[in-house]
Amino acid sequence: MTGLAATYGTGRPAVDAAAAAALLRAHYGIDGSVRELGSQQDRNYAVDTPAGPRVLKVFHAATDAVRVADQLAALTAVAAAGIAVPRPLPGADRALVPHVEGADGAGHLAVLLTFVPGRQLVDDGHLSRPVARSLARLAGRVSAALAPLRLGGEHASQWDLRRAIEVVRALAGAVPEDHRAEVTGLAERAWAEVDALAAGLPLQPIHGDITDDNVVVAEGPDAEVSGVIDFGDLARSWRVGELAVALSSMLHHDVDDLGVLADMVAAFDAEATLSDDELRALWPLVQLRCAVLVVSGWQQLAVDPGNEYARTRMAGEQACFDAAARLPGVVMANLFLAGLGRARDGNEGARLLAVPGQPELPVLSLAADARVLDDGAWTEPDAEERVLAAAVAGRDGVLVVPQGEYRLTRSIPSDHPARLATHALVAELVARHGFSIEASARLVVEEVGEDRLAATLEGGRALRLRGAVPAEGIGPGSVVEPGQVWAVVPVVAGLARAQVQLVAGDIPVPAFCAVDVAPGWAPLVRGTNSALGVAEPPAAAPEAGARAEQARRDRFLPANTERYFADPPEFVRGWGAYLVDAQGRVHLDLVNNVAAVGHSHPAVREAVDRALARLNTNSRFLYRLLADYSERLLATTWGGAYDSVLLVNSGTEAMDLALRMAKVATGRRQVVTHREGYHGWSAATDAITTSAYDNPHAAESRPDWVSIAASPNPYRGTHRGADAASGYLADVDALIAGLRADDRPPAAVVMESILGNAGGVLPPAGYLAGLVDRVHAAGGVAIADEVQVGFGRTGDSFWAAEAEGALPDIIVCAKAMGNGFPIGAVITRGEISGALGREGLFFSTTAGSPAACAAGIAVLDVMEREDLMAHARAVGTHLRDRVGDLAARHPLIGAVHGRGLYQGVELVTDRDTLAPAARETALLCEALRYRGIIDQATSERQNVLKVKPPMVLTTRDVDWFADALDDLLRGWAG
């Protein structure tokens, strides 16, 4: 071993804990406990002192005094930029850098440093986008802080990426033989790419090791990276190397998708602007860094077999190498350029191919919003083949499926939908019969295979066909003139299909790529559609369309308009329990209780279509569907206690009408509601809404006709446990007694059959029935808000109050009734609804229309036919069991609330104090979104994951959610 690699050809300093303690006593006057920390080439010891924790660093023998002085100067420069870093502490003689001799006689320099509090990221399985961005942002800030620094020496380091290929070549012999060629081969290719750009890469002092193992964050999964803890790899090198090192350390983590890396590049660039050449060199530098990590790890184990730190890091370093090797540098450069808005959208090119006798090729879309994929066609086995066969049936011509689409036919419900290969990097020609392809420009055939051909054009572009065979007389070297047939597409398995791809350069390009790297691959095949005479799509940018649509909304919606997610996807389709975004990514929907029988259920759509095609008017006209639906709705209630239905457009309208009805029927105005409840947006329903999340001033801003009872929450309320009902009912007794004494007896008590806004919490057994008894004794009526929890969702009964043994006077419902069609209802007795006549006439426009009634009947039919109530019970039990198992392993899960398919997973940071984990809940929702799961926080503490999905949710879907939750929580725990 010679040259640079020989510098670190020996192991760590032979300075054990006893020798370190002796140095601390002799030079610093410290007699504290000493514990070794991990390091690959130095020795680091944690030291407990009366003044606080310290770190003693003993440098490798190859580290000289000039190098140490430069590191201390860098510490000062970075600290001046407001970044937390260790600070050197002088000894009794005021010297900062004492000498220590190792057991082997080698001399070493040392330094005592302050301790930077926080935790490292290296053992975290999952890293959130905010954390990853903050790591890159910190790297950019450090880069900017170090740029003016002048180093005292030119320090040779095996971690300096300018010397990466030298290190790999020198140390490759330590790598096991079966893996060696892979490492050296990637390193040589990457070095060639970097070397071609090296002259344009700026040089400056860089930290060189801003990684998950060398920065600290405060406790908590979303805490931003705040400090750097080791400057041992400081060197004058390529500025972009700072970012390459940070990116490489991400590759063994579970990140949301590779778009996170583009986000990191943008975060670094905001602090230290990168040139296009630096962006093109970045991924090859990542590959070189990973290769250096692998060879250095094996070399260190060879010279220092007892180095457990190096041994335990090998698996992560290998994972980084494998991830870096999978993607070419040009693809990642395109991805990074696109993320910074610097991607160049290629112009439409000339037509290069044609089908004889068919000057224009009709386009068939298989994108997420394509009409041919309606009614769940994309979910069927062999969906793509089925749809294509149906599209060409009876057609003599050839269709083209364009390049650039995110094909829904290739998407499935998946743990990481962005990683599915659904973005088409090919266009496809499809027909029910065989056909020929002729050239529209001069081609030179380069390759002929069993089912593929490749040709080159002037300028070096490659035209590739798959699924085609050469025409007669065509072979390698053939020159094909315009108008000449050069390929034939035969029928295989009932279809003639050929993939067409125009590629810039000689890089192998797959037919399909994952959504997260589509902006990287797409520029390489720009012009493929033009080659067939088809318009080119916009440049592939998975999130750009969604961001533009959100910005368009933001221009006219008020600032307080609630929205899901910081960076929301744009949804274009729903089916069953799934939502599909514009890139064809399938998401599991855990929050849309409106779509009770499933998104886009054909039976509901067809019923509404039929009604709209025949008659659509309002309730003042006589038609059969209104009575048909009202009878069906009343048949769902229990005990024959109800005989009156009033149809309205929403849950807000239903509750508003119920309040008015109760006041008229009783001749009173006082209403008792419960804390933490949400009941609507109208003036009256907002008055009884007490959720501090929806209205932070709810409690103090109630009008005088509203009285507030405690939320009967047996988990975290004023009375807790299985017997909490008696305590809450005693509170209600006192409240009603006070109202009566004040000559304000209640007209009504509004109750949630399940405490939806509190997180799906079940009231304590007996509370609702006791509440009804008490309001009746006071001469008032009981109103059950079943807008969210009714319609069989709980699995045990059609109406949730029934399972609680309560018989309210008025049931308020909406949401699930129309599966998205605007319809709600007030269900009550005739003597209550009849009292409304004293204040005027009632009619309903939208909900009282044939279309709304048809939708309502269709929903009830589907629920009966598919036995969705029993389904909700079975799947809900599986959900409770799965999440209950997780709670046994993850202390963050405090409780699982609810019943059936209305549940809530409450997260707490302390199971004794029940401190709400609102921050963690928000992060989980964001992380789950990238796992393909739509979930949101609820309760006024925002610490409950709501689970109120379409009732067609399956046990497989539950497992998808539970597995993702388990994985993320384990990742946070390290």
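Select E906 first: in this predicted model, E906 is buried, with a relative accessibility of 0%.

Next, select D254, D415, R419, R889, R931, D966, D967 and R970 together. Salt bridges with shared partners join these residues into one network. Side chains of opposite charge can pair when their charged atoms come close. Across the model, the count comes to 59 salt bridges.

**A pair between two helices**

Go to R133 and D263. Their side chains form a salt bridge, with 3.1 Å between the closest N and O atoms. This pair, too, links distant parts of the chain: R133 lies in helix α4 (residues 129–146) and D263 in helix α8 (residues 259–271), 130 residues apart. R133, at 26% relative accessibility, counts as partly exposed.

**The hairpin and its sheet**

Select residues 571–575, which make up strand β26, and residues 578–581, which make up strand β27. The strands run antiparallel and are joined by four bridges. To follow the pairing, pick G574, whose bridge partner in β27 is L579. Then pick W575, whose partner in β27 is Y578.

What lies between β26 and β27? The two strands form a hairpin with two residues between them. G576, in the turn, has a positive phi of about 60 degrees.

Now widen the selection to the sheet. Four strands form an open sheet in the order β26-β27-β28-β39, and the pairing is mixed. β26 and β39 (933–934) stand at the edges with a single partner strand each, so one side of each has no neighbour in the sheet. In a regular strand the side chains alternate between the two faces of the sheet.

Finish at D581, which falls within the residue range of β27 (578–581). The side chain of D581 meets that of R585 in a salt bridge, 2.7 Å from N to O. Both D581 and R585 are buried.

How values were computed: Residues numbered from 1 in each chain as written. Predicted model: local features only at pLDDT ≥ 70, side-chain atom pairs only at ≥ 80, totals over all residues. Heavy atoms only, no water. Salt bridge = Lys/Arg side-chain N within 4 Å of Asp/Glu carboxyl O. Buried < 20%, exposed > 50% of the residue type's maximum accessible area, 1.4 Å probe, protein only. Pairing = 2+ DSSP bridges.
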